[in-house]
Amino acid sequence: MEEDKALWAPVEPIQAGLKGRCPRCGEGKLFSGFLSVGRECSNCRLDYSFADAGDGPAVFVILIVGFIVVGSALWMEVTLAPPLWVHFVLWIPLAIVLSLAALRLLKGVLITLQYANKAAPGEIDRR
């Protein structure tokens, strides 16, 4: 990632990521689609080519949403013992909605934290 020489007011990375805003200026859009990262900020022209969240957001979503949905389904089964179709009607839509909402939020947060901490791929020093 190229060193940023412009002077910008500090941006809170987690807040900017949750809002889907530029990690440098906090104003422009980070996403061009639902999960697609744009090419550059429409406000400060920051190039988003550095942005690569990888599989991190998906792993966090699987763990968090899985804990919520499976824990809730287990509680409901133990306390109420409903028929199987009730589980399908409740937990499958909940898992889908929570996963989609959390995936965008976590991807934005991880990208803005990547920018704020100047994270880059590791390099081996072979002196």
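Mentor: A residue is buried when its relative accessible area is under 20%, exposed when over 50%, and partly exposed in between. The model we are reading is predicted.

Trainee: Is histidine 87 buried or exposed?
Mentor: Histidine 87 sits in helix α3. Its relative accessibility is 12%. The cut-off for burial is under 20%. Histidine 87 therefore counts as buried.

Trainee: Which residues does histidine 87 touch, leaving out those up to four places away in sequence?
Mentor: Contact means heavy atoms within 4.5 Å. With close sequence neighbours left out, histidine 87 touches Ala73, Met76, Glu77, Pro82 and Ile92.

Trainee: What span is expected for α3 at 1.5 Å a residue?
Mentor: The expected span is 1.5 Å times one less than the number of residues. α3 has 33 residues. From first C-alpha to last, α3 reaches 47 Å. That is close to the expected 48 Å.

Trainee: Which helices do the buried residues of α3 pack against?
Mentor: The buried residues of α3 are Val86, His87, Trp91, Gly108, Val109, Ile111, Thr112, Gln114 and Tyr115. They pack against α1 (13-19) and α2 (56-79).

Trainee: Which residues have the most contacts inside the largest nonpolar core?
Mentor: That core has 13 residues. One of α3's buried residues, Ile111, is among those with the most contacts. The list is Cys22, Cys41, Cys44, Leu46, Tyr48, Phe50 and Ile111.

Trainee: How many residues are in the second, separate core?
Mentor: Its members include Val69, Ala73, Met76 and Val86. Histidine 87 touches Ala73 and Met76, among others. The size of this second core is 7 residues.

Trainee: How far apart are the C-alpha atoms of phenylalanine 50 and alanine 120?
Mentor: Phenylalanine 50 lies in the loop between α1 and α2. It is buried, at 14% relative accessible area. Phenylalanine 50 and alanine 120 are 70 residues apart along the chain. Their C-alpha atoms are separated by 8.0 Å.

Trainee: What is the N to O distance in the salt bridge of glutamate 40 and arginine 45?
Mentor: Glutamate 40 is partly exposed, at 40%. Arginine 45 is exposed, at 52%. A salt bridge needs nitrogen and oxygen within 4 Å. Here the N to O distance is 3.4 Å.

Trainee: Which residue forms a salt bridge with aspartate 125?
Mentor: The model has 2 salt bridges. In this one, both residues are exposed. The closest N and O atoms are 2.8 Å apart. The partner of aspartate 125 is arginine 127.

Trainee: How far apart are the C-alpha atoms of glutamate 123 and alanine 16?
Mentor: Glutamate 123 is in the segment after α3. It is exposed, at 74% relative accessibility. Along the chain, glutamate 123 and alanine 16 are 107 residues apart. Their C-alpha atoms are separated by 29 Å.

Terms used. Residues are numbered from 1 along each chain as its sequence is written. This is a predicted model: local features need pLDDT of at least 70, side-chain atom pairs count only at pLDDT 80 or more; totals for chains, interfaces and linings use all residues. Side-chain values use heavy atoms; hydrogens and water are left out. A nonpolar core is a set of buried Ala, Val, Leu, Ile, Met, Phe, Trp, Tyr and Cys residues joined through side-chain atoms within 4.5 Å. Buried means under 20% relative accessible area, exposed over 50%, partly exposed in between (1.4 Å probe, protein chains only). Helices (H or I, at least four residues) and strands (E, at least two) are DSSP runs, numbered from the N terminus. A salt bridge is a side-chain nitrogen of Lys or Arg within 4 Å of a carboxyl oxygen of Asp or Glu.
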